[in-house]
Amino acid sequence: MTTALIDQLRAILGAPHVLTDGDLAAYEQDWRKRARGKALAVVRPANVQQVAEVVKACAAAGSSLVPQGGNTGLAVGGIPDASGTQVVLSLQRMNAIRGIDEANLTMTVEAGCILQTLQETAEKAGFLFPLSLAAEGSCTIGGNLATNAGGTQVVRYGNTRDLCLGLEIVTAQGEIWDGTSGLRKDNTGYDLRDLLIGSEGTLGIITAASMKLYPLPAAQLTAWAAVPSLDHAVTLLGLAHKQLGAGLTGFEVMGKFALSLVDKHMPQLRVPFVDDEAVPYCVLLENSDSESEDHARARFEALLETAFEDGCVTDAVVAENLSQAHQLWHIRESIPLAQAEEGLNIKHDISIAVSRIPAFVQETDALLQREIPGVRLVNFGHLGDGNLHYNVQAPAEGDARAFLRDEEERVNTLVYDAVEKFGGSFSAEHGIGELKVHKLEKHKSPVALGMMRAIKLGLDPKNILNPGRVLRA
Ligand SMILES: Cc1cc2nc3c(=O)[nH]c(=O)nc-3n(C[C@H](O)[C@H](O)[C@H](O)COP(=O)(O)OP(=O)(O)OC[C@H]3O[C@@H](n4cnc5c(N)ncnc54)[C@H](O)[C@@H]3O)c2cc1C
């Protein structure tokens with residue numbers, strides 16, 4: 001049966017696009033190198049008809065499929081399991097921009113388009129495609145949609161879900177649904193687009209999407225501000241909302257230890273205020289404006305003046321030009337890599353109402369330090385969206401691998417129980433994948449879980465799309 005399926009896949013796609021031998025690590029290992037599976041084959045269709053044929057062939061043979069984009073996901077959702085029976089369906093060859101509709105402010109793109117290519121294509125056409133995250137050079141729009149990725153511009157433009165007007169889908173039965181008409185209003189029954197967004201490859205395969213475009217901002221201003229506490233960062237966020245309105249496009253917070261790791265492993269990046277003992281947190285603040293540069297700068301500087309007067313900012317650097325702004329963003333975006341350089345660590349991607357974040361951090365820091373002496377807390381993220389990467393690094397002198405083996409489950413339980421107590425979510429951005437299935441079962445309401453299971457059963461009764469991810473069979 002296995003050989004027959006592979007022969008059939010070769011007949012559909014051409015032999016060069018059905019990979020079974022050689023080094024398949026790029027498809028079988030996750031980005032964090034925490035897990036490695038074994039694929040029966042990696043298939044690389046070129047168009048939606050081929051995707052549909054592949055799905056039909058796999059369904060008939062009883063082989064399950066794992067859709068994959070750039071394989072940058074952080075929840076172990078896009079690689080095969082260890083059984084050697086799953087087919088990885090890579091969307092990378094489906095990378096055409098189908099068109100830009102300037103009057104409708106939309107761009108229709110195939111799922112395998114790299115996010116950065118979409119940003120650049122939009123800019124060349126005189127528009128902004130605002131989705132932005134540190135993996136943008138290799139993640140795909142299909143993966144962004146399948147995980148409902150957030151990133152650094154959510155405070156103004158929303159998550160990937162908010163940027164999408166429609167999807168083209170291949171169902172678990174190998175049928176094609178084209179919903180890419182780009183309508184801003186369509187109330188004809190259940191919203192299938194929203195159902196598929198964030199479903200992590202378990203309900204259908206996204207092959208194309210109609211995405212929103214925005215006017216390019218006339219001015220963009222970026223500041224790096226030192227704040228005396230997380231409470232002050234929250235006060236600054238309130239001021240920024242009030243004084244910048246819709247101009248506020250980015251509000252990131254970074255704890256001292258997170259920045260010290262960038263300073264240690266990437267000293268060439270010159271992290272502002274990193275040596276100042278009196279600065280426990282920094283904020284990266286961005287204002288994008290449709291008004292002139294002078295006007296925008298005056299408004300931005302007025303905000304910083306108010307913040308200095310209120311004592312919520314003690315020092316600040318304002319980027320003089322776009323290149324300086326990129327350097328500041330580069331420091332922020334280097335935190336995950338600096339953390340990886342420092343060694344294995346436990347990542348948490350949580351969200352809590354912004355107003356409750358300082359209390360959560362204070363209480364949970366104390367709890368972890370009490371329970372696991374020497375533990376190091378790497379705290380940074382999209383404070384404007386109430387989303388923190390509340391990560392835990394092994395004690396400095398310890399064996400990080402042993403720390404993860406012995407403590408990860410306990411650390412996760414302590415953090416996620418605290419998140420629940422504060423009314424938050426244990427997965428703000430990265431999704432569930434395989435990594436957090438048991439956490440979903442623990443923290444999601446049984447009623448919600450029941451509805452999710454009914455949807456999965458209805459759309460994929462044979463459980464061939466990414467089984468074991470998000471929901472257990
Ligand atoms: C350095 C770094 C920074 C990151 N920063 C952020 C951030 O700021 N915000 C954030 O939200 N996330 C962030 N992420 C994680 C983020 O989810 C991914 O980078 C991205 O959205 C995944 O896209 P991908 O193409 O790599 O998907 P993959 O990793 O290939 O897949 C992810 C999931 O989507 C499914 N999938 C992929 N393509 C399709 C498709 N076409 N149809 C159906 N299912 C599909 C897969 O089966 C898998 O379950 C970051 C990751 C890295 C490595």
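**Exercise 1. Find out what surrounds Ile197 and where it sits.**

Start with its contacts: setting aside neighbours within four places in sequence, Ile197 touches Leu145, Asn148, Arg161, Cys164 and Leu167, where contact means heavy atoms within 4.5 Å. Before going on, note that this is a predicted model, where local features need pLDDT of at least 70, side-chain atom pairs count only at pLDDT 80 or more, and totals for chains, interfaces and linings use all residues. Residues are numbered from 1 along each chain as its sequence is written, and side-chain values use heavy atoms, with hydrogens and water left out.

Helices (H or I, at least four residues) and strands (E, at least two) are DSSP runs, numbered from the N terminus.

Then look at one partner. Ile197 and Leu145 are 52 residues apart along the chain, and their C-alpha atoms are separated by 5.3 Å.

Buried means under 20% relative accessible area, exposed over 50%, and partly exposed in between (1.4 Å probe, protein chains only).

**Exercise 2. Work out the sheet that holds Thr108.**

Step one: Thr108 belongs to strand β6 (residues 106–110). With 16% relative accessibility, Thr108 counts as buried. Beyond four places in sequence, its contacts include Ile97, Arg98 and Gly99, along with Ala209 and Ser210.

Step two: which strands make up the open sheet, and in what order? Five strands line up as β5-β6-β10-β8-β9, with antiparallel pairing. Two strands pair if DSSP finds at least two bridges between them.

Step three: check the edges. β5 (97–101) and β9 (176–178) each have a single partner strand, so one side of each has no neighbour in the sheet.

Step four: zoom in on one pair. Four bridges join β5 and β6 in the antiparallel sense, and Asp101 stands opposite Thr106 in β6.

Step five: see what lies against the sheet. Helix α3 (residues 48–61) packs on it, touching β8 (164–170), β9 and β10, and makes about 50° with the direction of β8. Axes are lines fitted to C-alpha atoms, for helices over the stretch in contact, and angles run from 0 to 180 degrees between N-to-C directions.

**Exercise 3. Describe how α9 and α12 meet.**

Begin with the geometry: the axes of helix α9 (residues 256–265) and helix α12 (residues 335–342) come within 8 Å and cross at roughly 70°. The two helices are therefore roughly perpendicular to each other. As for the cut-offs, angles under 35 degrees count as roughly parallel, over 145 as roughly antiparallel, 65 to 115 as roughly perpendicular and the rest as oblique.

Now list who takes part. On α9 the contact residues include Ala258, Leu259 and Leu261, and on α12 they include Ile335, Ala338 and Gln339.
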